[in-house]
Amino acid sequence: MGKVYTTDELNNAFNKALDLFNDVLDSDITPENTLLVFFTPETGLTVYEQLCRTHFPHMLKENYHAPGYFESFIAQAFVNDDPYGILMRSDLSYESFEITEIFLHELSHLFCAKNEIEGGHFFDRYCMGSGEEDGYMNAGYAIWRELVADVMADAVMSDMAVVSLTRVKPVIKQLYSQIRMDNPGAKGNMSRLIAQVMITREVAGTADWNKACRSIARILPPDSSIMQMMLMSVHHKLNQSPFWEITPEFIMELGQMYCDFMATRITNIIRRGKRSQ
């Protein structure tokens, strides 16, 4: 059963997670160059503005005044040339393994933001436009950044994929049903779905996509050909070394496949509606 941890306990948990992370990836992230700041929904606005005005002014452009913003996340990573930052909610009950997973996920964001392309900061360099291609790029990066953080955190925690596709099938089914145009969290659900598939032993345990695909096909709906293309693209990327390095072309392709997937879902809904009339 979880408990609400003190800020001292959360700091200790962060240091342990960082040691674990650096044992595997040897990053430049240290306790000295990382600001770990805590908030509750009641203090979130003040804490966020103080942190960003001092260290991350570009984050003041975010829509953090939106109702419910500080109830919408548990932790958030902040990247600048120096320092790093993690904003962590301190009023929730956690299991000890959950705290480790949360910190490893946020550390993965920090690491990837600096190392995914030469010079870092992919989002600032490629995702700030507003045209059609920019929409593909933004969608692709939104999906990739969360799924790769999940995959990286899982890899740090365990040297061996132990979860089976059969075990995660109910989760996959639920996430799949939530990837809809009327759901503002659709891209997040797509990220989690892909990550859940990628960390299973049937998929993470082989570099042979054909072998992985045969296992995946048994848990996906029959109208999921574009989803399988996305999974294939990510699987190929995760089997390259280093897997966290990306190109604009890869992210653009991922985003376009996501938009095609959403368009196909709308078309299928319309067709089913016409047949039922």
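Is L18 buried or exposed? In this predicted model, L18 is buried, since its relative accessible area of 1% falls below the 20% limit.

## L18 in helix α1

L18 belongs to helix α1. With residues up to four places away in sequence set aside, L18 touches I29, T30, P31 and L107.

The separation between L18 and T206 can be stated in two ways: 188 residues in sequence, and 28 Å in space from C-alpha to C-alpha.

The loop between α1 (7–25) and β2 (34–39) contains S27. S27 has a relative accessible area of 15% and is therefore buried, the cut-off being under 20%.

A polar contact of 2.5 Å links the side chain of S27 to the side chain of N22.

## Packing of α7 against α10

Two packed helices are described by the angle between their axes and the distance between the axes. For helix α7 (residues 186–198) and helix α10 (residues 225–238), the axes come within 11 Å and cross at roughly 60°. Helix α7 is therefore oblique to α10, and the crossing of the two is right-handed.

On the α7 side, the contact involves M190, L193, I194, V197 and M198; these meet M227, M230, L231, V234, H235 and L238 in α10. By class, the residues of the contact of α7 with α10 comprise 10 nonpolar, one polar and no charged.

Terms used
Residues numbered from 1 in each chain as written. Predicted model: local features only at pLDDT ≥ 70, side-chain atom pairs only at ≥ 80, totals over all residues. Heavy atoms only, no water. Axes fitted to C-alpha atoms, helices over the stretch in contact; angles between N-to-C directions. Helix = DSSP H or I, 4+ residues; strand = E, 2+ residues; numbered from the N terminus. Parallel < 35°, antiparallel > 145°, perpendicular 65-115°, else oblique. Left-handed = near helix turned anticlockwise from the far one by under 90°. Contact = heavy atoms within 4.5 Å. Nonpolar A, V, L, I, M, F, W, Y, C, P; charged D, E, K, R; others polar. Buried < 20%, exposed > 50% of the residue type's maximum accessible area, 1.4 Å probe, protein only. Polar contact = N/O pair within 3.5 Å; in protein donor to acceptor, adjacent residues only side chain to side chain.
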